[in-house]
Amino acid sequence: MAAPNSQITKPSEPFDIVATYNDLLRSDPDLTMPIAAIEALVLLLTHSPSSTISETLDLLEKSTTHLKKSIPNPIGLSAGTDLFQRYLITTLQRPGQLGPAGDFNAIRAHLLSNSRLFIRRAKESRDKIAGFGRGFVRDGSTVLTNGGSRVVASLLQQAADEKGGPSAVRFRVIYVLSSPKGDIENPTAEPEGMETVRALRAKGVPVATIPESAVAYSLGKADVVIVGAEGVVENGGIVSRMGTYQIGLLAKAMGKPFYVVAESHKFVRVYPLGQYDLPIEQHVIDFKTQEDVDSAKQQQRPTDVPKSPSLNSEFDADSVDFTPPHLISALITDSGVLTPSAVSEELIKIWF
Amino acid sequence: MATPADPSLNTTSSPPAAPTPAPASEPPAAMEAPSQAQAPKAPKAPKPAKPAKQAPKDKPAASAPADAQGDEKLSPAELKKKAKAEKAARRAREKAEREQGAPGGGQGPNTPAGKKGGSGDAGAPAAGSAAKGQKQIPRRGSAQAVPQAEEVKKKKENKNVAVFGHLYGQQRRNTVAGAGKEVHPAVLALGLQMRDYVVCGSSARCVATLLAFKRVIEAYTTPKGTSLARHLTTHLSHQITYLSTCRPLSISQGNAIRALKLAISSIDPSVPEAQAKTTLCEFIDSFIREKITVADQVIAGSAAQKIKDGDVVVTFAGSSIVKQTLLTAFKQGKKFRVSIIDSRPLFEGKNLARTLANAGLEVQYSLISGLSHAVKDATKVFLGAHAMTSNGRLYSRVGTALVAMSAKERAGGVEIPVIVCCETVKFTDRVALDSIVVNEIADADELVLTQPPHQLTDLPDPAAAAQPEPKKGGKSAPSNPTPESAPKSSDSPLADWRDTPNLQLLNLLYDATPAEYVDMVVTEMGSLPPSAVPIVHRMSTNL
């Protein structure tokens with residue numbers, strides 16, 4: 001864990017929440033963005049010398065905004081920070097030893113220990129989801145999925161696992177792999193999801209990999225679509241990797257059930273009205289004339305020779321789209337299988 | 001059906017002539033509009049209809065209820081005259097009226113014929129005993145009405161639209177006469193203001209009601225032998241009954257009243273009266289602040305975030321919260337255009353248009369008939385609400401559903417998000433499947449009375465004719481020039497629709513927009529999908 005490292009560095013330089021967050025994400029491949037954000041905030045609290053509640057909340061507020069600003073896509077992250085802030089406030093409002101009247105050091109110790117418990121639970125939630133989701137993978141069915149969602153991977157693997165459940169399900173998987181072309185900085189990288197493909201194949205699950213352009217063609221052979229999500233928004237829609245929306249539209253058009261697998265800590269208080277209403281900036285559509293391309297090339301040449309002048313060079317592999325709730329059949333979460341409209345209910349329960 | 005329909009057609013076009021005081025002017029008046037081409041024949045055709053109409057008119061002084069019948073078909077200008085004559089007549093027969101519970105004469109005017117006939121029979125014995133509760137009599141036909149009403153009943157058909165028959169209920173109150181003596185003057189005034197749409201809009205009515213009730217509570221003293229918690233509730237319910245006879249209560253009013261009654265009943269009887277009254281007044285103040293004033297600010301703030309540069313915002317009628325939202329967004333420096341859709345007969349959008357234009361926004365104003373055009377370049381729709389029902393439907397000014405649907409169903413385009421701004425005090429646990437079961441019917445005469453725009457082809461008023469005469473005379477020569485001697489109000493071809501057979505007017509106030517057409521409900525508790533309305537309602541009432 002990154003905790004000891006940062007503890008050492010702390011006296012010399014001020015705590016850098018952004019660096020900690022990025023370190024955490026890199027150090028543990030199983031870590032999701034909201035959890036990393038919460039962990040970073042917990043570390044921040046361990047380091048900060050704040051002694052009053054308002055000071056703590058203020059610090060939290062500031063670092064959260066800072067963190068959100070410095071990360072290009074803060075949707076998943078804000079789910080974590082919001083949740084943590086909410087949890088902190090409710091804990092502090094509770095009467096008794098840990099309430100506003102109590103000893104602040106005790107409160108802090110309690111908070112930190114509970115936060116760790118929270119993080120552990122969040123990691124366990126993946127197994128819980130796999131338990132709920134198993135039923136959606138039927139014997140003899142074909143599942144279409146995409147992306148590198150760890151929850152989807154764990155669900156499929158558990159369904160294929162003979163030891164885990166009552167009996168293994170025999171199913172096939174069509175895996176949509178996004179072209180690695182977008183990832184220019186790392187040309188050798190294999191498409192996200194290959195790891196899952198290998199793991200499934202190792203378990204004896206027949207897996208077909210298709211490019212994104214073949215989704216409509218292949219969907220006729222699939223019985224069910226299961227995707228992961230970066231964030232589940234208030235109206236029950238999801239923010240997910242680019243390409244999920246089109247799969248959702250196609251699944252709806254073909255009448256295939258479209259399930260989303262997501263932990264409940266990914267529920268985020270955002271209400272997008274459409275694709276272009278997401279609280280992030282991404283330049284997916286970038287109009288250019290030949291003139292623009294040439295001038296861009298000239299600017300690049302002296303400094304960045306290796307950068308290929310590919311037309312897609314601006315395309316960000318991390319870009320996301322929004323899948324509206326009416327395309328989603330159900331959300332499989334650790335608090336049960338929910339309809340999209342039940343998400344807002346869950347969110348309201350957390351917030352009020 | 002063809003033959004009976006013809007005279008009815010004629011009669012519909014003839015009415016402008018019917019109420020005209022000077023018969024000589026009739027034929028020219030009918031000729032003035034080309035659409036009334038058959039009008040020259042009309043004066044003959046409506047004759048059979050006329051007696052029914054004229055009958056009550058001929059004997060205005062004979063009996064007060066007869067006046068009442070006449071009033072129904074008359075314009076406001078004439079109504080005033082009638083009222084004066086009626087008043088004089090009533091004074092003269094004051095004694096007799098007292099015996100028969102005659103304030104009914106004043107109340108009766110708007111009672112529809114069918115109802116009057118029915119209730120007139122029931123009213124007869126009631127009027128016989130003068131001791132009968134005063135409040136009831138005014139709304140029913142008085143004893144005098146009985147012979148008259150029955151006579152009219154034979155000739156008149158029911159003017160209530162059958163599908164909405166259950167909504168007609170009591171006729172709206174026209175005057176404070178006959179209100180119970182318990183009703184506070186502030187409430188008396190408010191009732192009439194609500195009836196006249198001076199206080200209009202769900203939130204405004206809710207706030208006004210609470211403020212009036214605050215004055216009621218301030219002026220209240222507990223009678224001996226009862227406790228405040230017990231008696232004040234019944235005292236308030238007199239006020240509430242009065243208000244609801246002026247105009248049916250809105251959902252927000254109902255919710256506020258429920259909260260107030262709960263607060264009253266939870267007052268400890270041992271608390272001194274002065275203190276209890278202060279507590280209640282504070283409760284009212286904080287209710288208004290929390291549920292409406294601050295809530296509106298929060299909603300305007302979060303809804304304004306949804307407005308982006310370059311947006312074209314379509315809104316319907318005049319919602320105060322939408323106005324606040326648009327002004328907030330404008331103050332934040334956003335560049336957007338507003339397209340206001342309005343409708344008859346209330347024209348609530350006019351005020352909104354003026355306010356926004358004065359504030360510096362770019363405003364386009366059109367009536368709902370121009371909706372499809374306005375929706376063409378729209379990017380967002382903002383709507384106010386009268387209520388949100390538990391199945392997520394939006395219950396709002398009639399026409400809202402049309403706007404929401406055309407925004408969502410716009411053919412060949414990207415669908416436009418429909419955003420509803422609504423305080424949680426307007427949430428209800430009722431369910432609306434359509435706008436038929438629950439709705440409010442306003443006076444159908446509102447549809448009839450319009451001020452027609454000044455016509456160039458009209459001859460100017462004889463009084464003001466002097467200067468513009470040569471110009472206008474030349475202009476209007478090709479079309480049929482007609483002396484405008486008929487009063488303005490009688491211009492409407494529907495003016496005496498009550499006497500026109502086979503004609504019913506319907507003036508609905510609300511409609512229900514299905515939840516699928518609403519993308520987002522902005523409340524003070526956050527933005528929700530319409531499906532979350534019952535959850536939030538449950539939570540906000542439990543809090």
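Residues are numbered from 1 along each chain as its sequence is written, while chains are lettered from A and ligands numbered from 1 in the order in which they are written. Since the model is predicted, local features are reported only at a pLDDT of at least 70 and side-chain atom pairs only at pLDDT 80 or more, whereas totals for chains, interfaces and linings use all residues.

The predictor assigns the complex an ipTM of 0.79 and a pTM of 0.73. Within chain B, confidence is lowest in helix H1 (residues 2-13), with a mean of 40, and highest in helix H17 (residues 320-331), with 95. Helices here are DSSP runs of H or I with at least four residues, strands are runs of E with at least two, and both are numbered from the N terminus. Two stretches of chain B have a pLDDT below 50: residues 1-72 and residues 101-150. Beyond near neighbours in sequence, residues 1-72 have 128 contacts in the model, and residues 101-150 have 112. Two residues are taken to be in contact if their C-beta atoms, placed from the backbone, lie within 7 Å.

Chain A is divided into domain 1 (3-124) and domain 2 (137-280 + 319-351), the bounds coming from an automatic or database domain assignment. Between these domains of chain A, 16 residues of domain 1 meet 16 residues of domain 2. On the domain 1 side, the elements that supply two or more residues are helix H3 (33-47) and helix H5 (75-93) of chain A. H5(A) gives the most, with eight residues. By class, this side of domain 1 of chain A has eight nonpolar, five polar and three charged residues.

Chain B is divided into domain 1 (2-94 + 105-126 + 142-161), domain 2 (185-296) and domain 3 (305-437 + 511-542). The C-alpha centres of domain 2 and domain 3 of chain B are 29 Å apart, and their contact takes 15 residues from domain 2 and 11 residues from domain 3. On the domain 2 side, two or more residues each come from helix H13 (202-218), helix H15 (251-265) and helix H16 (273-304) of chain B. That side of domain 2 of chain B has seven nonpolar, six polar and two charged residues.

Chain B contains 23 helices and 10 strands. Of its 543 residues, 43% are buried; a residue is buried if 20 or more other C-beta atoms lie within 10 Å of its own, exposed if 12 or fewer, and partly exposed in between, with C-beta atoms placed from the backbone. Among contacts in chain B with a separation of 6 or more, 77% join residues 24 or more positions apart.

Two packed helices are described by the angle between their axes and the distance between the axes. H17(B) packs with helix H18 (residues 349-359) of chain B at an angle of about 10°, with the axes 11 Å apart. Axes are lines fitted to C-alpha atoms, for helices over the stretch in contact, and angles run from 0 to 180 degrees between N-to-C directions. H17(B) and H18(B) are therefore roughly parallel to each other: angles under 35 degrees count as roughly parallel, over 145 as roughly antiparallel, 65 to 115 as roughly perpendicular and the rest as oblique. Lys323(B), Leu326(B), Leu327(B) and Phe330(B) of H17(B) make this contact with Leu352(B), Thr355(B), Leu356(B) and Ala359(B) of H18(B).

Val420(B) lies in strand E7 (residues 418-421) of chain B and is buried, with 30 other C-beta atoms within 10 Å. Leaving aside neighbours within four places in sequence, Val420(B) is in contact with residues including Leu383(B), Leu394(B) and Val521(B).

In the loop between strand E2 (336-342) and H18 of chain B lies Pro345(B), which is joined to Arg344(B) by a cis peptide bond with omega of about -10°.

Note on methods
Ala, Val, Leu, Ile, Met, Phe, Trp, Tyr, Cys and Pro count as nonpolar, Asp, Glu, Lys and Arg as charged, and the others, Gly among them, as polar. pLDDT is the predictor's confidence in each residue, from 0 to 100.
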